[in-house]
Amino acid sequence: MNINIVKPYMPNFGEIADDFAKCLESGLVTNNSSHVRLFEDRLQDYYKSPIKPSVNCNGQLALYHLIQAWKAKLGYGPHDSFEVLVPSFTFSGTINALVTNNLRPVFCDVDEGLVLDLEKASVDSTNIKMMMPVGAYGNLVDMEKLVVFAAGNKLAVLMDNAPAFGSRFKGKFPWEYGFSEMVSFHATKIFNSMEGGACIVNDPEIADLLLRLRDFGQYEKTRGDVDIPGLNSKMTEVCALVGLRNLEKVDQILGRRAKNAARYIDFFSRLEHRRLLRQMKVSHEVSCPYLYFPVILNEEATAFVSYMQSRNIAVRRYYTANHDLKFYRGRYREQNLSFTNSIKDRIVSLPLHTIMSSEEVDYLFTAISDYFEIGTLNADERVHP
């Protein structure tokens with residue numbers, strides 16, 4: 001048996017064929033055509049947001065533009081710079097989006113939930129104007145504490161929730177707490193449109209800027225005049241069609257992931273009970289859809305990764321510590337990163353698919369049990385709250 005690290009959930013071609021053929025026949029395949037607009041309408045229905053989400057050709061540019069928009073709202077131009085609190089433990093795309101906007105990351109630690117540690121993050125400079133928590137693996141920071149932290153320090157909050165489509169805190173989406181979030185629709189993500197991303201915001205000025213920024217920054221189309229330097233980051237019709245069909249099945253997608261995640265939590269709780277590894281801590285107040293299933297080993301992860309590969313199970317050394325990456329090493333300020341430094345070489349992401357079969361899950365659990373040489377686990381070997 002082979003288990004890939006991801007297995008994208010896609011509609012059958014027949015589900016989009018007729019509409020796609022009409023797009024090709026009409027030539028209306030991009031430039032915010034009908035299915036892109038409909039996709040945004042349906043996303044608004046899903047998020048129940050007062051402002052329609054804006055979609056982009058990918059999540060990276062959606063995040064880039066969200067930072068651009070907030071930077072402009074705060075009164076800064078493209079060449080201006082300030083500092084941003086952001087976890088080091090994230091994908092490099094988070095940090096890249098800040099730096100290409102001429103902003104300076106201040107690398108912060110994460111907690112046992114692998115999200116920004118609000119107890120350790122410090123506004124230790126007047127140059128800090130913004131913070132960017134990350135929805136790591138679909139987990140979220142405590143939104144109520146984030147509201148207090150941001151208000152007390154007068155910080156704009158942008159959330160890189162690329163891996164956190166559908167994540168909620170106490171049943172509410174981040175926009176309901178006053179925060180702007182970006183979600184990715186890349187094929188590897190929980191919900192996908194093959195490629196794409198969206199911003200969900202509750203600030204009309206930000207929403208207006210995002211629409212212009214994805215269309216070269218144009219505020220009028222007669223002469224194509226611009227008042228902010230945007231890019232061409234519009235979504236194509238075929239991606240919108242895939243997104244629309246998948247969104248029709250979003251409850252099924254999230255439900256299947258939740259079912260598989262529950263099996264993982266039960267199994268790995270028993271390993272944690274034996275002190276063989278640690279799981280990501282997820283509050284009962286967070287609805288976490290689990291993009292991958294991260295585990296923190298007691299030892300450096302190379303031997304474990306090699307063993308899993310020998311069993312034809314793809315795993316990933318993900319995320320990483322950005323302050324250790326070649327470009328970022330020693331270039332930007334770091335706060336106390338004790339927990340990040342303690343886990344960065346021991347964390348491994350295991351595959352957890354929407355359409356993962358019971359046989360695949362059983363095979364993965366067997367391989368893990370064989371690696372730790374533990375045999376059959378008893379049902380009572382669980383971590384109880």
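The axes discussed here are lines fitted to C-alpha atoms, for helices over the stretch in contact, and the angles between them run from 0 to 180 degrees between N-to-C directions. In this predicted model, the axes of helix H3 (residues 59–73) and helix H6 (residues 204–213) come within 9 Å and cross at roughly 130 degrees, which makes H3 oblique to H6. The crossing of these two helices, H3 and H6, is right-handed. On the side of H3, the residues that meet H6 are His65, Leu66, Gln68, Ala69, Trp70, Ala72 and Lys73, and their partners in H6 are Glu205, Ile206, Leu209, Leu210 and Leu213.

Just after H1, Gly27 takes a positive phi of about 85 degrees.

The buried residues of H1 are Ile16, Ala17 and Cys23, and what covers them includes helix H2 (34–47) and helix H7 (237–248). H1 and H7 pack with their axes 10 Å apart, at an angle of about 155 degrees; because angles over 145 degrees count as roughly antiparallel, H1 and H7 are described as roughly antiparallel to each other. Their crossing, that of H1 and H7, is right-handed, and the contact is made by Glu15, Ile16, Asp19, Phe20 and Cys23 of H1 together with Glu237, Val238, Leu241, Val242 and Arg245 of H7.

Definitions and conventions
Residues numbered from 1 in each chain as written. Predicted model: local features only at pLDDT ≥ 70, side-chain atom pairs only at ≥ 80, totals over all residues. Heavy atoms only, no water. Buried < 20%, exposed > 50% of the residue type's maximum accessible area, 1.4 Å probe, protein only. Helix = DSSP H or I, 4+ residues; strand = E, 2+ residues; numbered from the N terminus. Contact = heavy atoms within 4.5 Å. Parallel < 35°, antiparallel > 145°, perpendicular 65-115°, else oblique. Left-handed = near helix turned anticlockwise from the far one by under 90°.
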